[in-house]
Number of protein chains: 2
Amino acid sequence: MTSLQDQITGLGKRARAASRLLAQAGADAKNNALRKMADQLSADEKEILDANRKDVEKASADGLSKAAIDRLTLDPKRLKKMADEIRAVAGLADPVGKVLAEWTRPNGLRITKVRVPIGVVGIIYESRPNVTSDAAVLCAKTGNATILRGGSESIHSNLAIAAALQRGAVAGGLPADGILLVPTTDREAVKLMAGMDKYIDLIIPRGGHALIETVVQHARMPVIKHFHGVCIAYVDKDADLAMAQSIVLNGKTQRPGVCNALETVLVHRDAAPAFFEKTAPALFEKGVELRGDPEVIRLAGNKVKPATEADWTTEYLDLILAARVVESFEDAVEHIETHGSHHSDCIITGNAETAERFFAEVDSATVYWNASTRFTDGAEFGFGAEIGISTDKLHARGPMALEELTSYKYLIRGSGQIRE
Amino acid sequence: MTSLQDQITGLGKRARAASRLLAQAGADAKNNALRKMADQLSADEKEILDANRKDVEKASADGLSKAAIDRLTLDPKRLKKMADEIRAVAGLADPVGKVLAEWTRPNGLRITKVRVPIGVVGIIYESRPNVTSDAAVLCAKTGNATILRGGSESIHSNLAIAAALQRGAVAGGLPADGILLVPTTDREAVKLMAGMDKYIDLIIPRGGHALIETVVQHARMPVIKHFHGVCIAYVDKDADLAMAQSIVLNGKTQRPGVCNALETVLVHRDAAPAFFEKTAPALFEKGVELRGDPEVIRLAGNKVKPATEADWTTEYLDLILAARVVESFEDAVEHIETHGSHHSDCIITGNAETAERFFAEVDSATVYWNASTRFTDGAEFGFGAEIGISTDKLHARGPMALEELTSYKYLIRGSGQIRE
């Protein structure tokens with residue numbers, strides 16, 4: 001019996017070897033393999049749903065919430081959707097090989113900057129089993145090998161999905177080791193992966209605070225965090241208040257459990273009375289709990305709970321909205337820069353000059369003028385696919401799709417040039 | 001007296017505050033301040049040279065090598081060169097604010113991807129005091145605040161240079177805290193910086209193995225390593241052998257102490273007899289020690305020392321060259337991928353098809369066909385400036401200049417769009 005360390009190192013070596021083959025695969029070969037992966041998911045429907053049933057039964061026995069069990073559960077329709085999404089990725093343009101820049105130096109050297117795969121990408125996630133397919137497919141499309149580490153609650157589903165994808169990849173002529181799933185739920189495996197910079201070029205953790213903290217603390221290779229969003233809307237004194245209400249309601253209630261949902265609304269003093277008069281009842285009607293500063297309570301009534309300092313930095317992921325009256329544009333920006341998470345923030349104003357200042361002064365991955373923060377999403381950006389939303393500033397920021405799963409190299413063509 | 005922890009945290013907070021102001025500074029304001037920084041270096045010549053003398057005296061007393069003392073020593077000419085380089089950077093285009101992409105979605109949302117500063121950049125280095133100026137200047141140009149941590153042997157010089165640059169920046173209207181130098185040589189400061197992801201967005205370590213290992217082990221934020229180069233040249237069977245000799249001699253002897261110098265030469269069996277017949281004596285003539293496999297010893301004679309496994313992965317930074325005869329192109333690529341450092345590697349061949357295969361299969365930051373690896377350098381690439389050479393694959397790979405010191409954000413202009 002091999003140790004966990006040996007097991008994880010073995011995965012790393014296999015992925016590294018596969019990544020060299022994958023980097024040489026052309027777009028047609030990769031797309032053909034992706035279609036075979038989609039076909040195999042359908043062909044293996046019975047095995048996958050049987051495996052999923054084990055996970056669901058365990059989740060029920062363990063008393064997981066109805067919402068959590070729903071996220072975990074697969075059925076023929078969800079599996080077909082997964083396969084369709086793979087076929088859609090096969091239809092996207094391949095970023096690998098694209099020439100990003102090209103120039104000739106006075107000494108005649110011709111320099112070409114060209115997109116290449118990153119190599120081996122480790123993806124550590126907690127959530128739904130479809131992430132296994134999404135992550136593996138986007139990595140295969142971009143010529144990266146991937147080592148996947150899913151949540152323990154979906155281990156049987158993940159193993160069955162990864163096995164089907166592997167079979168499809170091999171049928172399409174790609175190396176089997178391009179898609180590897182850590183077959184153990186031992187938490188130590190995450191730390192071992194994070195330490196393996198010899199074999200993993202990038203780790204993407206998608207999940208809660210504890211998971212991300214473990215990865216950040218142990219990682220020796222680059223990490224692109226897909227962390228939380230404390231998204232903030234600022235209703236300016238020059239806002240169209242009907243539009244502001246629509247955007248705030250949409251941001252908070254359309255899907256409260258996601259990272260681009262709204263968590264705080266700031267309202268300029270001049271706009272506050274009229275805004276809260278109409279919008280507070282509309283929020284209450286949708287079941288939203290408001291937590292406000294004293295001024296919000298004065299304007300919107302006693303149904304508003306008093307906000308504490310912690311409310312300004314909390315990602316509720318629930319029907320709760322923090323609300324504050326601000327004295328000025330400057331105070332709004334100061335609040336956003338101090339308390340926000342630099343994910344997605346929004347101004348509602350009819351004043352173009354104010355909006356441009358907001359664009360310049362708010363340092364977030366996505367900054368909105370008169371639109372809902374809910375649009376921070378690869379599909380909504382038109383990227384056709386999304387591995388997640390980076391909350392980091394290096395390499396990838398905001399929605400992360402195919403291009404963000406690539407690196408580049410410089411090719412230099414000479415005729416014997418040497419340096420004097 | 002404050003603790004070291006408080007001291008470093010204080011620097012972080014000040015840099016973070018300054019970074020918000022710097023991000024708002026326009027190109028003209030930044031360039032004006034850069035010119036004032038250059039002027040101040042000249043105005044403070046006496047203070048800087050006095051401070052430098054203290055470092056040089058200590059270095060002599062400590063018995064540092066002549067080469068090390070030379071690298072440390074400043075004089076009016078070197079100081080003028082430093083100031084001239086700042087003026088050159090002031091003349092470069094500002095990457096900040098550049099629109100990288102712009103498109104409109106079917107729902108009318110207008111998405112603009114625009115370059116922004118990274119924020120706060122920590123730079124940890126060991127070498128010459130001019131790095132203090134280079135790093136501070138490139139960060140100021142790109143609107144980043146910087147926290148500098150130089151080597152203990154140049155602490156007085158670094159403090160004097162940073163003080164002059166700060167004074168210049170302030171005279172030009174930039175915040176004083178945009179350029180901060182850690183005023184202590186306590187090694188613990190590096191670990192504290194590495195843990196301060198709240199205030200530092202990126203750390204760039206430039207130096208030897210021990211320094212880089214400390215940063216990688218403790219860093220919670222992204223790290224872009226400027227690590228070693230085990231650069232390899234492959235002399236193909238279809239090589240012009242005179243060109244091969246010229247490139248190998250240049251790569252090894254023109255400046256052996258730098259990361260883009262050549263460390264290993266691989267020669268195809270068919271080319272090996274003729275190559276070593278002429279090139280081995282030429283290398284010996286330049287004082288190069290050859291360490292070869294048995295075949296190289298057979299061809300180039302007993303002056304060649306036997307190479308051990310360690311020689312294939314050693315960055316000599318000295319007049320030593322490892323040499324190996326390979327059976328095939330495939331063996332050469334396998335050697336490069338297994339033993340190289342993915343920094344700069346080169347093929348010498350007259351066969352374009354072979355060269356293209358080399359470009360495709362060698363995964364290095366810079367891959368050369370018929371040119372010396374010594375060209376891996378920001379100035380030689382035409383970048384006008386260089387913060388160093390990244391040996392990482394994420395965010396920045398190879399020569400790292402102004403663009404690589406930026407991030408981006410998405411600005412989204414709407415007219416009330418909400419998500420259905």
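Helices (H or I, at least four residues) and strands (E, at least two) are DSSP runs, numbered from the N terminus. The model toured here is predicted: local features need pLDDT of at least 70, side-chain atom pairs count only at pLDDT 80 or more, and totals for chains, interfaces and linings use all residues. Residues are numbered from 1 along each chain as its sequence is written, with chains lettered from A and ligands numbered from 1 in the order in which they are written.

Begin in chain B by selecting helix α7 (residues 155-171), where I155(B) is found. I155(B) counts as buried because it has 20 C-beta neighbours inside 10 Å; the term requires 20 or more other C-beta atoms within 10 Å of the residue's own, with C-beta atoms placed from the backbone. Next, display D55(B), G150(B) and T185(B), with which I155(B) is in contact once its neighbours within four places in sequence are left aside. Contact requires that the C-beta atoms of two residues, placed from the backbone, lie within 7 Å. Then select M193(B): its C-alpha atom is separated by 17 Å from that of I155(B), 38 residues apart along the chain.

Turn now to the interface, where 57 residues of chain A are in contact with 57 residues of chain B. Elements of chain A that each supply at least two residues to the side touching chain B include α1 (4-24), α10 (241-253) and β16 (406-417). β16(A) gives the most, with 11 residues.

Finally, select β13(A) and strand β16 (residues 406-417) of chain B, which run parallel and are joined by 5 bridges; strands pair if DSSP finds at least two bridges between them. Here T366(A) stands opposite Y410(B) in β16(B).

Notes
Buried ≥ 20, exposed ≤ 12 C-beta atoms within 10 Å, placed from the backbone.
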